[in-house]
Structures are given as structure tokens and as C-alpha cells.
Amino acid sequence: MEQRYTTFSLLLINISRCVQKIKNVEMAALGLKGRQVQCLFGLYRSPAGASLTRLCEMCGEDKGMMSRTVKELIGEGLVYVDTRSERKYKNPIRLTEKGEHFADIIAERISAILEKGSLGISGEQREELYRSLGLISKNLTMICADYAPKSAEDT
């Protein structure tokens with residue numbers, strides 16, 4: 001059991017560090033920050049744009065971090081907010097022409113890195129890995145829900 005925990009934890013930590021390093025290096029080549037990858041790639045996959053709330057869901061980020069990221073990307077001329085909606089968080093965020101160009105580059109780099117990162121793994125093995133990781137994620141999320149703060153009535 002102790003070896004399973006150590007192996008699992010160290011593998012996840014290493015994978016996470018490598019992903020962050022790759023994102024940081026790849027984005028630096030474009031003059032951007034690693035944390036902007038998810039936002040640009042999410043919008044790339046949503047041609048009609050996405051609300052801030054939807055972007056948070058797609059990228060696994062909180063609204064504060066995503067708001068800062070969107071603001072930075074607006075400053076870089078890569079995204080814009082379509083303000084036709086009256087509700088601030090409902091306004092779709094879209095890629096500009098420059099943003100589409102950068103997102104195309106990012107998508108190509110992601111594809112190449114995924115290809116290299118999965119060398120020696122069959123499609124069937126990859127599907128099983130993702131299924132297993134999804135189940136582990138779901139189970140750990142349920143465990144974390146048990147750690148949620150109790151209401152005043154529960155104490």
C-alpha cells in the first residue's frame with residue numbers, strides 16, 4: 001500500500017511538473033505564459049466563443065484566475081469579449097484573428113507533444129489509462145467532498 005501511494009503520488013507530481021514546464025517553455029516562445037495555454041486551447045475548441053464560467057469549467061480554473069488570464073490575453077490582442085450580452089459573465093469570449101493564429105500553433109504543438117508523450121502506448125492502452133484516471137479522479141473528488149466544511153448546524 002505504501003509503495004502504491006508513493007509511486008502514484010510521485011508519478012502524478014512528475015507528470016504535472018513536466019506539463020507545466022512544457023507549457024511555460026512553449027508559451028515563452030510565443031511571448032506568453034504557460035497558464036494561458038488552457039484558455040487559448042479551450043477557445044480554439046469553441047469557435048463560437050465561451051463565457052467566463054464555461055472557460056473556468058473547461059480549464060479547471062477559478063473565476064479570479066480565469067478573469068486575470070482573459071484580461072492578459074485581451075491586452076495581448078489574442079481574445080476579445082463580445083459585449084452584446086447584458087450579463088458580464090455570460091458574454092462570450094472569442095479569439096481574435098491573431099489569437100486564432102496563436103491557437104493554431106498551440107494546437108499543433110500539443111498534438112506533437114502528445115504524440116511524443118504517448119510513444120509505446122497503444123490506443124487501447126491510452127483509453128484504459130484515461131478511463132482509470134477518470135475513475136480515480138471521481139473517487140478522490142468524492143473523498144474530498146467529505147472534507148468540505150460542515151455547516152453550523154452540523155457542529
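Colleague: Leaving aside its neighbours within four places in sequence, which residues is Thr96 in contact with?

Modeller: Bear in mind that this is a predicted model. Thr96 is in contact with Gly77, Leu78, Val79 and Tyr80, once neighbours within four places in sequence are left aside. Thr96 itself sits in the loop between E2 and H5.

Colleague: Why is Thr96 called buried?

Modeller: Its relative accessible area is 18%. Buried means under 20%. Therefore Thr96 counts as buried.

Colleague: Now Lys33. Why is Lys33 called partly exposed?

Modeller: Lys33 has 43% relative accessibility. Exposed needs over 50%, and buried needs under 20%. The value falls in between, so Lys33 is partly exposed. Lys33 lies in the loop between H1 and H2.

Colleague: What does Lys33 touch, not counting residues up to four places away in sequence?

Modeller: Met27 and Glu72. With Glu72, the two side chains make a polar contact at 3.4 Å. That value is within the 3.5 Å limit, so the label applies. Also, Lys33 and Leu73 are 40 residues apart in sequence, yet 9.9 Å apart in space, C-alpha to C-alpha.

Colleague: On to the largest nonpolar core. Which members touch the most other members?

Modeller: Leu40, Leu43, Leu55, Met66, Val70 and Val79, out of 21 residues. Helices H2, H3, H4 and H5 and strand E2 each give two or more residues to this core. Take Leu55: Cys39, Leu43, Ala50, Met66, Val70 and Ile93 are its contacts, not counting residues up to four places away in sequence.

Colleague: And the surface? Which residues form the nonpolar patch?

Modeller: Phe8, Leu12, Leu114, Leu129, Tyr130, Leu133, Ile136, Leu140, Ile143 and Tyr147. Together they have about 940 Å² of accessible area. H6 gives the most, with six residues. H1 and H6 each supply at least two.

Colleague: How do you know that Tyr147 is exposed?

Modeller: Its relative accessible area is 67%. Exposed means over 50%, so Tyr147 qualifies. Tyr147 lies in the segment after H6.

Terms used
Residues are numbered from 1 along each chain as its sequence is written. This is a predicted model: local features need pLDDT of at least 70, side-chain atom pairs count only at pLDDT 80 or more; totals for chains, interfaces and linings use all residues. Side-chain values use heavy atoms; hydrogens and water are left out. A nonpolar core is a set of buried Ala, Val, Leu, Ile, Met, Phe, Trp, Tyr and Cys residues joined through side-chain atoms within 4.5 Å. Buried means under 20% relative accessible area, exposed over 50%, partly exposed in between (1.4 Å probe, protein chains only). Helices (H or I, at least four residues) and strands (E, at least two) are DSSP runs, numbered from the N terminus. Contact means heavy atoms within 4.5 Å. A polar contact is a pair of N or O atoms within 3.5 Å; within protein, one must be able to donate a hydrogen and the other to accept it, and residues adjacent in sequence count only if both atoms are side-chain atoms. Patches are made of residues with over 30% relative accessible area and no salt bridge: like charges are joined within 9 Å, nonpolar side chains (Val, Leu, Ile, Met, Phe, Trp, Tyr) within 5 Å. Accessible areas come from the Shrake-Rupley method with a 1.4 Å probe; for residues, only the protein chains shown count as cover. A salt bridge is a side-chain nitrogen of Lys or Arg within 4 Å of a carboxyl oxygen of Asp or Glu.
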